[in-house]
Amino acid sequence: MNKRWIALLFALTTPAWAVAAAPELSLISEHPVEGIAQGNLSGLAWCGDGLWAVSDREDDVLYRLDASDTVWRAEAERFELPPVPNTGLSWGVRMRAAVTGLLRGGEMDFEGLSCDRLGNRYLVSEAHAAVLRVSPAGTAEWLNLPAGVVRQARASGMLLQFNAMFEGVAVDPDANRLWLAAEHSRRGLLVMHRKQSVWECTGGCVLLAEGGRESPPAAKNETDQPRRFSGLAFHADKLFTLEPVPHQICRRKPATGHSEACWSYAATALADSRRYNTPFGNAEALSIDAEGAWIGVDNNQLTRADGEKRPIVWRFAAPKGGWGVKQ
């Protein structure tokens with residue numbers, strides 16, 4: 001049997017899961033964050049000349065991160081929360097969210113943050129499947145999203161479980177397109193297009209919906225978990241998803257949601273000193289720029305193996321050749 005036939009036979013008998021490991025991102029720096037009253041850093045975005053954060057335990061505040069030292073200080077900017085619109089979630093889901101919010105704080109459960117070129121901040125409420133826009137002046141208003149976005153998501157198998165709703169938001173610089181990431185069981189991506197002050201589903205809102213389970217890195221020694229998105233970012237006309245089970249950032253096509261390339265941060269997250277006593281990945285926030293990635297770690301009031309109790313932000317260098325490099 002010649003070498004060509006041997007190679008073909010090997011290719012046909014190689015298991016589908018036997019794919020090349022994602023290249024590892026290089027950690028530049030690590031920054032504990034002080035000043036977020038309830039902790040639980042759940043969203044990051046570069047807005048104007050600074051990095052901003054949101055907590056899922058507070059309903060009326062954004063934080064500008066003072067990065068002048070290794071330990072960052074969070075400077076609060078408060079806004080007045082307007083009444084929440086009815087987005088079509090069931091009464092039971094909304095009531096459970098309200099009770100959970102009263103018990104732990106954060107009825108809105110803000111889980112993502114994004115910015116446009118004018119400095120408007122966009123926060124996605126997991127509890128209400130709604131998006132809040134906060135202007136640079138601090139004025140807040142809920143976006144007029146398509147009436148059918150929740151219905152379409154549920155018809156595709158998403159948004160069916162409590163606390164497994166929208167986990168990420170991203171807008172393009174001109175705020176003409178807005179994407180939402182559904183967390184898990186099933187996870188997915190949705191897109192809306194702006195027409196003046198109204199957002200529309202052009203040809204349908206759902207780009208991607210997928211179920212199934214995947215394995216954490218071998219170093220974590222945990223069982224399979226549902227596929228999950230925990231953060232979403234937009235950079236250079238590409239979407240980037242934060243995927244905490246394999247500990248990866250993946251670049252995706254904004255028109256289809258299809259994955260093009262992935263990079264791992266597992267070596268950083270799974271270092272012995274950085275581990276938490278939980279089977280789940282704690283990376284919850286993502287911001288991408290030409291030079292690298294910011295990843296926010298929501299410690300969920302847990303203490304890390306090295307004794308660190310504060311939320312953490314990691315800075316990673318962009319992959320060699322940039323985020324557009326082919327693999």
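**Exercise 1. Determine what share of the chain's contacts with a separation of 6 or more comes from residues 24 or more positions apart.**

Solution. The model is predicted: local features need pLDDT of at least 70, side-chain atom pairs count only at pLDDT 80 or more, and totals for chains, interfaces and linings use all residues. Residues are numbered from 1 along each chain as its sequence is written, and side-chain values use heavy atoms, with hydrogens and water left out.

Step 1. Take a contact as heavy atoms within 4.5 Å.
Step 2. Keep the contacts with a separation of 6 or more; residues 24 or more positions apart account for 54% of these.

**Exercise 2. Describe the overall dimensions of the chain and its secondary structure.**

Solution. 
Step 1. The C-alpha trace spans about 75 × 45 × 35 Å along its principal axes.
Step 2. The radius of gyration (over C-alpha atoms) is compared with the globule rule, 2.2 Å times the number of residues to the power 0.38. For 327 residues a compact globule would have a value near 20 Å, and the chain has 20 Å, which agrees.
Step 3. The secondary structure comprises 4 helices and 23 strands. Both are DSSP runs numbered from the N terminus: helices are H or I with at least four residues, strands are E with at least two.

**Exercise 3. Characterise the surface, the burial and the charges of the chain.**

Solution. 
Step 1. The accessible surface (Shrake-Rupley method, 1.4 Å probe; for residues, only the protein chains shown count as cover) comes to about 15,100 Å², and 52% of that belongs to carbon and sulfur atoms.
Step 2. A residue is buried under 20% relative accessible area, exposed over 50%, and partly exposed in between (1.4 Å probe, protein chains only). Buried residues make up 53% of the 327 in the chain.
Step 3. Lys and Arg count as positive, Asp and Glu as negative, while His and the chain ends are not counted. Each charge is placed at NZ of Lys, CZ of Arg, CG of Asp or CD of Glu. The 35 positive and 38 negative charges have mean positions 8 Å apart.

**Exercise 4. List the disulfides, with their handedness and surroundings.**

Solution. 
Step 1. With a disulfide taken as a pair of cysteine sulfur atoms within 2.5 Å, the structure holds 3. Counting bonded cysteines along the chain, the pattern is 1-2, 3-4, 5-6.
Step 2. Cys-47 is joined to Cys-115, S to S 1.7 Å. The torsion about their S-S bond is about 90 degrees, so this disulfide is right-handed. Cys-47 lies in strand 2 (residues 41-47) and Cys-115 in strand 6 (residues 110-115), so the pair ties together parts 68 residues apart in sequence. Both Cys-47 and Cys-115 are buried.
Step 3. Cys-201 is joined to Cys-205, S to S 1.6 Å. Here the torsion is about -75 degrees, so the disulfide is left-handed. Cys-201 counts as partly exposed at 23% relative accessibility, whereas Cys-205 is buried, with a relative accessible area of 0%.
Step 4. The sulfur atoms of Cys-250 and Cys-262 are 2.0 Å apart. This link has 105 degrees about the S-S bond and is right-handed. Cys-250 sits in strand 19 (residues 248-252) and Cys-262 in strand 20 (residues 259-264), 12 residues apart. Both Cys-250 and Cys-262 are buried.
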